[in-house]
Amino acid sequence: MIFEFIGGLGIFLFGIKSMGDGLQRSAGDKLRDILDKFTTNPLMGVLAGIIVTILIQSSSGTTVITVGLVSAGFMNLRQAIGVIMGANIGTTVTAFIIGIDIAEYSLPIIAIGAILLFFFKNQRIHNMGTIVFGFGALFFGLELMGKGMEPLQELETFYDLTVSLSESPLLGVLVGTLFTVIVQSSSATIGILQELFGQGLIDLKAALPVLFGDNIGTTITAVLASIGASIAARRAALAHVIFNLLGTGIFLIVLPLFYRFIEFLQIKMNLNPEMTIAFAHGTFNLTNTIIQLPLVGFLAWIVTKIIPGEDALLEYKPKHLHPIFIEQSSSIALGQAKEEILRMGKFAKVCLEESNEYVKTGIRKHADTAMQVEDAINNLDRKITDYLVLIARSEMSTFESEEHSMLIDTVRDIERIGDHCENLIELVDYQIANKVKLTESAMDDLKEMFDITIEALTDAIAALDDKDTALATKVLKTERQIDRLERTLRKKHILRIHEAECTGQAGIVFVEIISNLERIGDHCVNIAEAVLGYRN
């Protein structure tokens, strides 16, 4: 019974993940764009949350993405609360899919999915195969879980538990919460609840409080994702918890009315047991959102009071790129683009400094910050490039054309610096995963290389800001120092390997780190030379 249940649960979870992965790959990069663009107000946030959750088949996944976007400054707290509400509605779709009784066709569906996966090379067909395979696995897993749970009918202990759940709604909420925390998927626990109710192992009075608890339990993923994150991210996770706790509190008060309403729906719409739970789940989340949507501001205020403090968020969205400047004057528009590029350059410096801290300490927080900033650099790169392309369509003087070319080159150089920082993070990840130890001497050498590279980048950005030719010339000299230092450090490290002070793996990590820093130096020179060429 246990093997059949946990095996079925495993296949069910794998099916949901496969469906989500296939849908996510089909959607491509649109998921974050949906959350980024369509969250102008809480209502739009709800719609965005519903869409993304349906696409990735995980309300926890949507909430984690949202927490990440809040932490990165792409979304404010009010918008995030709307998305979290929408995620709760979106996750009910899985329960409605389960309510469709097609378990007997699960194996042929899995077979079709496997054929699409293994006999076709086209990526779209491959994605479709992943979705179909996951869909079949979901139902096959449910069927196995159902068979595993059948003997529970004969257990007196289980009967006593269901009676207790019927008599004590709070116990039902606790059971649902704990089980979802353990399984880490509200879809799975709702699916199990549907099977239990379908087999008559639990009555509706006992099932509804468990359903409420499932919604509370699913908040644990967001809470875990927010540990060590920014204040804004922790507030978003807390808002998720409060939203579901308030909803559960409201529905526990009106539980007898809710029970009669669901019973009425079951009779009038001739719903099967699984679909009855799906309607209960959908009604609970939809009503909870309708009740609390006008209270988004209040929710934001509460979590701000509970988690006080100013959040040191970087605003990663463009601040200066308004199309109206292009219509007014190319010169003004170029000035605005330059201001945005300077912000991008400052992000690159933060990215490099955080990468340095990760190399020194191995503390994950620095890697996460660096990757978020690198993500922001990529976002600004796209937005600034698009803006510069629009400027190019308008009439420009020779002087403006030269400045335009210089800005396009500079954007590319800063974006590449972000890429090299990402490479540095990946090298440290490899080092930690493979337990590669660098000697104290090697770490001292890296510190020296990082310090001089950060100095070059700081000077290059300052030279661009002030059009300072003296500072730009200093960058050229610093870069020559970086080149010499890189050659010297390579030789020193080869000696360490020969003297068996260092392993071959450590040698690879060390050489790759200094190579990436040397290339960052090259991009600093490109920025400095652009300044010198612009001035001349």
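**Contacts, cores and a helix pair**

Visitor: What is Ile513 in contact with, leaving aside its neighbours within four places in sequence?

Guide: Ile513 is in contact (heavy atoms within 4.5 Å) with Leu424, Leu427, Leu446 and Phe450. This is a predicted model, in which local features need pLDDT of at least 70, side-chain atom pairs count only at pLDDT 80 or more, and totals for chains, interfaces and linings use all residues. Residues are numbered from 1 along each chain as its sequence is written, and side-chain values use heavy atoms, without hydrogens and water.

Visitor: What makes a set of residues a nonpolar core?

Guide: The set must consist of buried Ala, Val, Leu, Ile, Met, Phe, Trp, Tyr and Cys residues joined through side-chain atoms within 4.5 Å; buried means under 20% relative accessible area (1.4 Å probe, protein chains only). The largest such core has 68 residues, and Ile513 is among those with the most contacts inside it, as are Leu352 and Leu517.

Visitor: Which element gives the most to this core?

Guide: Helix α24 does, with 14 residues. A second, separate core of 46 residues includes Phe5, Ile102, Leu193 and Leu201.

Visitor: Why is α12 called roughly antiparallel to α14?

Guide: Helix α12 (residues 204–217) and helix α14 (residues 231–253) pack at an angle of about 170°. Angles over 145 degrees count as roughly antiparallel, so α12 is roughly antiparallel to α14.

Visitor: Which residues of α12 make the contact with α14?

Guide: Phe212, Asn215 and Ile216 do, against Asn244, Leu245, Thr248, Phe251 and Leu252 of α14. The residues of this contact divide into five nonpolar, three polar and no charged.

Methods: Axes fitted to C-alpha atoms, helices over the stretch in contact; angles between N-to-C directions. Helix = DSSP H or I, 4+ residues; strand = E, 2+ residues; numbered from the N terminus. Parallel < 35°, antiparallel > 145°, perpendicular 65-115°, else oblique. Nonpolar A, V, L, I, M, F, W, Y, C, P; charged D, E, K, R; others polar. Buried < 20%, exposed > 50% of the residue type's maximum accessible area, 1.4 Å probe, protein only.
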